[in-house]
Amino acid sequence: MSAPNVPKVVLQQPPSSKWNPVTVPVIGLGTAAANNDGDVVKSAVIEAIKMGYRHFDTAAQYGSEQGLGEAIAEALQLGLIASRDELFITSKLWCCDNHPHLVLPALQKSLQSLKLDYLDLYLVHWPISAKPGMRDMPYSEECLVPFDLKGVWAAMEECHKLGLTKSIGVSNFSCKKLENLLSFATIPPSVNQVEMNIAWQQKNLREYCKAKGIIVTAYSPLGAKGSIWDINQILDNELTKQIAQAHGKTVAQVCLRWLFEQGVIFIPKSYNKERLQKNIEIFDWSLTKDDHEKINQVKQERMFKNGTAAFPLPDLFDGET
Ligand code: A2P
């Protein structure tokens, strides 16, 4: 079977950028998983590359950088891709490195794990700062210190200027936090990666990002089934089951197609060959107006609730829905 033609989105770049316009395939393979065994990640990524995936999302905190790096090296060796430039690789700065002097060393460490010279996108993972070296969640209040976003962002901009990442962005930022960042950024964030799926549709945040030229990437697009934060059982939803049946598609395909039709990027995680293949087969059919109206009615509930799970902060998302 030939690889599906995956549409791409162009990222906003500062006028002074030394890079050509950066384009991102709309679907990427997510690698946030409870147990990231290096060999499992490696073989899933190689399978994904064979199927036509060219966009991979990792983070210093996921434990998947090493396996992804090995897979990229092997894909090059096997001739599955002609050059690293064919791939779009995102990684993220962890909370304990959210300090101006720790940004560059953290990026260098990620690059080393990935065996790469540059990233395509580097994100501030969460808008909070943990004490240096405090890597492990859950974070109690004593682990956290005030977040110097201005200083951290200047260091992110420096990483871009050094040619170590083609673009920079953020993750889990509310409109209010983006507004603050935009008030001083020389290089605006090109992406805000947030929880988004049919049960947390992020309408307000998406409107804001669109107005500012910031691309939204949806994490947990399938509801992060099997993770500790999976609460809304998206894949067991009766409504999407009916829509899937009517189209002869799977529920996951309906959820991903819906994201595509919202104009966002999405990064479903699967290390299973059949599901990887199914997840990328969503570009040659569409949902109906009626399907959209039904999906608009799905009860909305954020998985990452304030003050629970990993982060003790009472209002991480500034009360935004
Ligand atoms: P697996 O890796 O065994 O395929 P999210 O992308 O929202 O974080 O969700 C990831 C979860 O969804 C994983 O448990 C993954 O399991 C599962 N998953 C991924 N693709 C599919 C699919 N097409 N059908 C059912 N479950 C899927």
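How far is an oxygen atom of the ligand from a polar backbone atom of glycine 223? The distance is 3.1 Å.

## Basis of the model

This is a predicted model, in which local features need pLDDT of at least 70 and side-chain atom pairs count only at pLDDT 80 or more, while totals for chains, interfaces and linings use all residues. Residues are numbered from 1 along each chain as its sequence is written, and side-chain values use heavy atoms, with hydrogens and water left out.

## Ligand surroundings

Taken alone, the ligand exposes 570 Å², of which the protein buries 82% (areas by the Shrake-Rupley method with a 1.4 Å probe; for residues, only the protein chains shown count as cover).

## Salt bridges

The structure holds 13 salt bridges (a side-chain nitrogen of Lys or Arg within 4 Å of a carboxyl oxygen of Asp or Glu). In one of them, glutamate 47 pairs with lysine 273, their closest N and O atoms being 3.9 Å apart. Glutamate 47 lies in helix 1 (residues 38-51) and lysine 273 in helix 9 (residues 273-280), so this pair ties together parts that are 226 residues apart in sequence (helices are DSSP runs of H or I, at least four residues, numbered from the N terminus). Glutamate 47 is partly exposed at 22% relative accessibility, as is lysine 273 at 48% (buried means under 20% relative accessible area, exposed over 50%, partly exposed in between, with a 1.4 Å probe and protein chains only). A network of salt bridges links Glu47, Lys50 and Lys273.

Aspartate 290 and lysine 294 also form a salt bridge, at 3.4 Å from N to O; because these residues are four apart in helix 10 (residues 289-296), about one helical turn separates them. Aspartate 290 is partly exposed at 42%, and lysine 294 is partly exposed at 32%.

Definitions and conventions
Polar contact = N/O pair within 3.5 Å; in protein donor to acceptor, adjacent residues only side chain to side chain. Helix = DSSP H or I, 4+ residues; strand = E, 2+ residues; numbered from the N terminus.
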